[in-house]
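Colleague: Could we go through this structure together? I should like to begin with the terms.

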Amino acid sequence: MHVEIDGTHQVDVRDWADVRHQVADLERQNDIGTTGDRVLRFPAWLVRTHPEQVVDTVRRALLAGGWRPDE
């Protein structure tokens, strides 16, 4: 499982650096997805303001993937 935290920057399609960055992010996520791995993405503001929600989502994904915390 992979977890990515997206920054608060806005993508400006008029700025080729922003576009290239966004395309690279999407390509990386697609490459990971082709291996069967899971990718969870969270905005940085959510991690800062509601970390319990992020932890809950990561925990649910781990459990769905077979993780058993008591073993």
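Modeller: Contact means that heavy atoms lie within 4.5 Å. Please keep in mind that this is a predicted model.

Colleague: Which residues does Glu4 touch, not counting residues up to four places away in sequence?

Modeller: With those left out, Glu4 touches Arg28, Ile32, Leu40, Arg41 and Phe42.

Colleague: Where does Glu4 lie, and is Glu4 buried or exposed?

Modeller: Glu4 lies in strand β1. The relative accessible area of Glu4 is 13%, and buried means under 20%, so Glu4 is buried.

Colleague: What joins the side chains of Glu4 and Arg28?

Modeller: The two side chains, Glu4 and Arg28, are joined by a polar contact of 3.1 Å.

Colleague: Let us change topic to α3. What should helix α3 span?

Modeller: Helix α3 comprises the 14 residues 51-64, and at 1.5 Å a residue α3 should span 20 Å. The end C-alpha atoms of α3 are 20 Å apart, which agrees.

Colleague: And which residues of α3 are buried?

Modeller: Val54, Val58 and Ala61 are the buried residues of α3. They cover an arc of only 60° around the axis, so they are on the same side of α3.

Colleague: What covers the buried residues of α3?

Modeller: The cover includes β1 (2-6), β2 (39-43) and α2 (44-49). Strand β1 is also where Glu4 lies.

Colleague: Which residues are exposed on the other side of α3?

Modeller: Glu52, Val55 and Ala64 are exposed there.

Terms used: Residues are numbered from 1 along each chain as its sequence is written. This is a predicted model: local features need pLDDT of at least 70, side-chain atom pairs count only at pLDDT 80 or more; totals for chains, interfaces and linings use all residues. Side-chain values use heavy atoms; hydrogens and water are left out. Helices (H or I, at least four residues) and strands (E, at least two) are DSSP runs, numbered from the N terminus. The expected span of a helix is 1.5 Å times one less than its number of residues. Buried means under 20% relative accessible area, exposed over 50%, partly exposed in between (1.4 Å probe, protein chains only). The arc is that of the directions from the helix axis to the C-beta atoms. A polar contact is a pair of N or O atoms within 3.5 Å; within protein, one must be able to donate a hydrogen and the other to accept it, and residues adjacent in sequence count only if both atoms are side-chain atoms.
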